[in-house]
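Here is a short report for a reader meeting this structure for the first time. Look at the sequence and the fold, then read on.

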Amino acid sequence: MRRFSAEYLEHTRRGMWDDGREALADLELPTRRRVLDVGCGTGELTRVLAAEAPSDATVIGVDADRDLLAVARGAAESGAVEGETIDRATVESEPADCETTDGTQTYLAGDATRLPISDDAVDLAVCQALLINLPDPAAAVREFTRVSSDLVAAIEPDNADVTVASTVPAEERLEREAREAYVDGVGTDVALGDRVRDAFAAAGLRDVRTRRYVHEKRTEPPYADAALTSAARKASGAGLADHRDELVAATSEHAYDDLRGRWREMGRAVVDAMRAREYERVERVPFDVTVGRVD
C-alpha cells in the first residue's frame, strides 16, 4: 500500500464535504450505530461521519500508519463530544492497539485487508481514497463485507477525470501532462471511480448504487497560507518531485527533468500573479460514492 504524509492528506482533502454532504445520503448515517472508516489517515472523513451519525454512535477509524493516527486522535480530542467508546466484542486485536478519544471517535491500528475487527461488528464499513492505493482493492472490499452487518461504502476519486482551470495558461496544460503520466506510472488504479461497483459485486454485495460528488478546490484573493505554500512548492519544483518515481516510471529521467523545468517556470508565473493579486485557480476532483448492502 502507498503511504502519505499528514501534510499531503491535509492538502488533498482540505475542505472536502464543506460545501454539502448530499452524496453521502446512501450511507444512511443518521441511522448508523457503529461506523468503521478504513484507511482513515488523519481522520478527515472520520470526523464527518461522527458529525452526521447519531450523537451516541461509535465511529472507528482504522489505519496502518500510526503517525497519521496520532494526528487523527489529536484532532478528535480537541473537539470531542460525550458518547460511547469501543468495546472488546468489536475489536479482535490486543487492547494496546486501540486508543479512544474522549468522545465517539475511536482510532485503531490495522491493515485494510486484515482488519482487526470482529465479524458483523459494525453496520457501516466505509473508506475514502483508499482502494485506489491498494494493489488488490477487491481484498479490502471482502474485508469490509466481513466486518459489516449492513452497509459497505467506498468514496473513490477518478483521477483521470480531474480538471484544472487557471489564470496562468501553462498551469492547465502542465497539470494535465503530469496527471496523465502519473496515472500511467503509479502502479495502482488511481482512476478507479465508479468501477468500484465491480469489486462490490464480486464480494456479493447487493443493491449497489453510486453517486458522483465533485470536490472543488478554489484559489483566489485573498490567498490563504496553504495557497501561498502550494505556489512556492510549484516554483521550487517540490510539488512535482513528490511524484518523481511515478512520473519517471511512465516516461523517463530526461522527460521528467524537462517537465520539472517547465513546471518550475509555471510556478514562478503563479507566484508573480499572486503578488499582483491576479491569480485564480479552480480544481475539480470527481469522487464516486459507491454503496452496497450485505446479504
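Of the 295 residues in the chain, 52% count as buried. The model is a predicted one. Its accessible surface comes to about 13300 Å². Carbon and sulfur atoms hold 46% of that area.

The chain has 10 helices and 9 strands. Among contacts with a separation of 6 or more, 81% join residues 24 or more positions apart.

**A helix pair**

Two packed helices are described by the angle between their axes and the distance between the axes. Take helix H5, residues 169–185, and helix H10, residues 253–275. Their axes come within 10 Å and cross at roughly 145 degrees. The crossing of H5 past H10 is left-handed.

Which residues meet there? H5 brings Ala170, Glu171, Leu174, Glu175, Glu177 and Ala178. H10 brings Leu259, Arg262, Trp263, Met266 and Val270. By class, the residues of this contact divide into 7 nonpolar and 4 charged, with no polar ones.

**Cysteines**

How many disulfides does the count give? The count comes to 0 disulfides. Cys40 has a relative accessible area of 2%. That value is under 20%, so Cys40 is buried. Cys127 has a relative accessibility of 0%, and therefore counts as buried too.

**Backbone in the loops**

Two residues other than glycine, Trp17 and Ala129, have a positive phi.

Another loop holds a cis peptide bond. Where is Pro222 found? Pro222 is in the loop between strand S8 (206–219) and helix H7 (225–236). The cis bond joins Pro221 and Pro222. Its omega is about -10 degrees.

Key
Residues numbered from 1 in each chain as written. Predicted model: local features only at pLDDT ≥ 70, side-chain atom pairs only at ≥ 80, totals over all residues. Heavy atoms only, no water. Helix = DSSP H or I, 4+ residues; strand = E, 2+ residues; numbered from the N terminus. Buried < 20%, exposed > 50% of the residue type's maximum accessible area, 1.4 Å probe, protein only. Contact = heavy atoms within 4.5 Å. Areas by Shrake-Rupley, 256 points an atom, 1.4 Å probe, with all protein chains shown as cover. Axes fitted to C-alpha atoms, helices over the stretch in contact; angles between N-to-C directions. Left-handed = near helix turned anticlockwise from the far one by under 90°. Nonpolar A, V, L, I, M, F, W, Y, C, P; charged D, E, K, R; others polar. Disulfide = S-S within 2.5 Å.
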